[in-house]
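Please have a look at the sequence and the model as they come up.

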Amino acid sequence: MPKAKSKIQISNRRASFDYEFLETYTAGIQLVGTEIKSIRAGKASLVDAFCYFDQRGQLYVKGMNIAQYFWGSWGQHEPVRDRKLLLTKRELRHLRQEVKLKGNTIVAVRLFVAENGYAKLVIALAKGKKAYDKRQSIKEKDIRREMDRSGY
């Protein structure tokens, strides 16, 4: 019997303002202790979260904060630590090649709990925006808002 659909959606809204997303991937996260309980309680933050490769070619997310679980003290986890992301070898190889290009990086976009109960992280291969690109994004957002208000 499938589990009920989770309403946990933790997003990094600042990432879409600072970066232009080229490709997105859904990755599993290797968690320990009470981290999944804190995520299900909605006590996680993706502000300043980004991904990097280690020497062995594994992908890790750095800067993701999962608060300590409030109920009980046994098996607590470290709130800010590097967590391994689970992707296929093909996806890792492709991301590693793209990150070597100047200006490309991997940012964490959204954290959610899948239907099977596992925590998943949506990451994006991104290119940093310049100041004029950010102004253009703000202008497009304002135009969209005005059109919605006028009833189009």
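Helix 1 (13-18) and strand 8 each supply at least two residues of the lining of the largest pocket, where helices (H or I, at least four residues) and strands (E, at least two) are DSSP runs numbered from the N terminus. This is a predicted model, in which local features need pLDDT of at least 70 and side-chain atom pairs count only at pLDDT 80 or more, while totals for chains, interfaces and linings use all residues. Residues are numbered from 1 along each chain as its sequence is written, and side-chain values use heavy atoms, with hydrogens and water left out.

To stay with the pocket, its volume is about 160 Å³, a volume being the space filled by probe spheres set on grid points that are joined across faces, edges and corners. By a pocket I mean, on a 1 Å grid over the protein atoms alone, an open set of points where a 1.4 Å probe fits, with protein on both sides within 12 Å along at least five of seven lines, and its lining residues have an atom within 4 Å of a point. Helix 1 gives the most to this lining, with three residues, and the lining residues include Asp 18, Tyr 19, Phe 50, Thr 105 and Val 107.

Let me turn to strand 8 itself. Eight of the ten residues of strand 8 (residues 104-113) are buried, so this strand is largely enclosed by the rest of the structure; buried here means under 20% relative accessible area, exposed over 50%, and partly exposed in between, with a 1.4 Å probe and protein chains only.

Which strands pair with strand 8? Strand 1 (residues 9-11) runs antiparallel to strand 8 and is joined to it by three bridges, with Ser 11 opposite Arg 110; two strands count as paired if DSSP finds at least two bridges between them. Strand 4 (residues 50-53) also pairs with strand 8 in the antiparallel sense, over two bridges, and there Phe 50 has Val 107 as its bridge partner. Both Phe 50 and Val 107 are also among the residues that line the largest pocket. Strand 9 (residues 119-128) is joined to strand 8 by nine bridges, again antiparallel, and the two form a hairpin with five residues between them, in whose turn Gly 117 has a positive phi of about 95°.

Within strand 9, Lys 120 stands opposite Phe 112. Not counting residues up to four places away in sequence, Lys 120 touches Gly 28, Ile 29, Arg 110 and Leu 111, among others, contact meaning heavy atoms within 4.5 Å.

Two loop residues complete the picture. Asp 54, in the loop between strand 4 and strand 5 (59-62), is buried, with a relative accessible area of 12%, and a polar atom of its side chain lies 2.7 Å from the backbone nitrogen of Gln 58. Met 64, in the loop between strand 5 and strand 6 (65-66), counts as buried at 0% relative accessibility, and its contacts beyond four places in sequence include Ile 29, Ala 49, Leu 111 and Leu 121.

Key. A polar contact is a pair of N or O atoms within 3.5 Å; within protein, one must be able to donate a hydrogen and the other to accept it, and residues adjacent in sequence count only if both atoms are side-chain atoms.
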